[in-house]
Amino acid sequence: MGKNLKLKAARVLKGMTQNDLAQAVNVTRQTIVAVESGNYNPTISLCIDICKVLDVTLNDLFWEEE
C-alpha cells in the first residue's frame, strides 16, 4: 500500500489540517497520518466518514488505478 496522496490533496483543498480531519471523524491525528502515509488500512466505516467530511466519494479517495 502506497501513500494516499488523494486523501491529503482532498483534505488540503478543504482547508483542513490532519488534526481537523481527525477530530471530525473521531480518530487521532496519528491515525490520519498513518492513512495518508499508507501505513494503516482504514475500516470501511472510517473511509465513509472521511469521505462525508471531505465531500468526496470512496472511489475519489480510495480506488487504486491499475
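Trainee: What share of the contacts in the chain between residues at least 6 apart in sequence join residues at least 24 apart?
Mentor: In this predicted model, 53% of the contacts between residues at least 6 apart in sequence join residues at least 24 apart, where a contact means heavy atoms within 4.5 Å.

Trainee: Why is Val 56 called partly exposed?
Mentor: Its relative accessibility is 23%, and because buried means under 20% and exposed means over 50%, with partly exposed in between, Val 56 counts as partly exposed. Val 56 is placed in the loop between helix H4 (44-54) and helix H5 (58-62), and, leaving aside residues up to four places away in sequence, Val 56 touches Cys 51 and Leu 61.

Trainee: Is Arg 11 buried or exposed, and how do you know?
Mentor: Arg 11 has a relative accessible area of 6%, and the cut-off for buried is under 20%, so Arg 11 is buried. This residue lies in helix H1 (residues 5-13), and, again not counting residues up to four places away in sequence, Arg 11 touches Met 16, Thr 17, Gln 18, Leu 21, Glu 36 and Leu 54.

Trainee: How many of the residues count as buried over the chain as a whole?
Mentor: Of the 66 residues, 30% count as buried.

Trainee: How do you know whether the radius of gyration agrees with that of a compact globule?
Mentor: For 66 residues a compact globule would have a radius of gyration near 11 Å, and the chain has 11 Å, so the two agree. The C-alpha trace spans about 30 × 20 × 20 Å along its principal axes.

Trainee: What makes up the secondary structure of the chain?
Mentor: The chain contains five helices and zero strands, and from the N terminus on its elements run α-α-α-α-α.

Trainee: Where does UniProt place the feature "domain: HTH cro/C1-type"?
Mentor: The UniProt record, an unreviewed entry, places this feature at residues 7-61. In the model, that span is 69% helix and 0% strand, and its end C-alpha atoms lie 6 Å apart.

Methods: Residues are numbered from 1 along each chain as its sequence is written. This is a predicted model: local features need pLDDT of at least 70, side-chain atom pairs count only at pLDDT 80 or more; totals for chains, interfaces and linings use all residues. Side-chain values use heavy atoms; hydrogens and water are left out. UniProt positions are given in the numbering used here, feature names are shortened, and annotations may be inferred rather than shown by experiment. Helices (H or I, at least four residues) and strands (E, at least two) are DSSP runs, numbered from the N terminus. The radius of gyration is taken over C-alpha atoms; the globule rule is 2.2 Å times the number of residues to the power 0.38. Buried means under 20% relative accessible area, exposed over 50%, partly exposed in between (1.4 Å probe, protein chains only).
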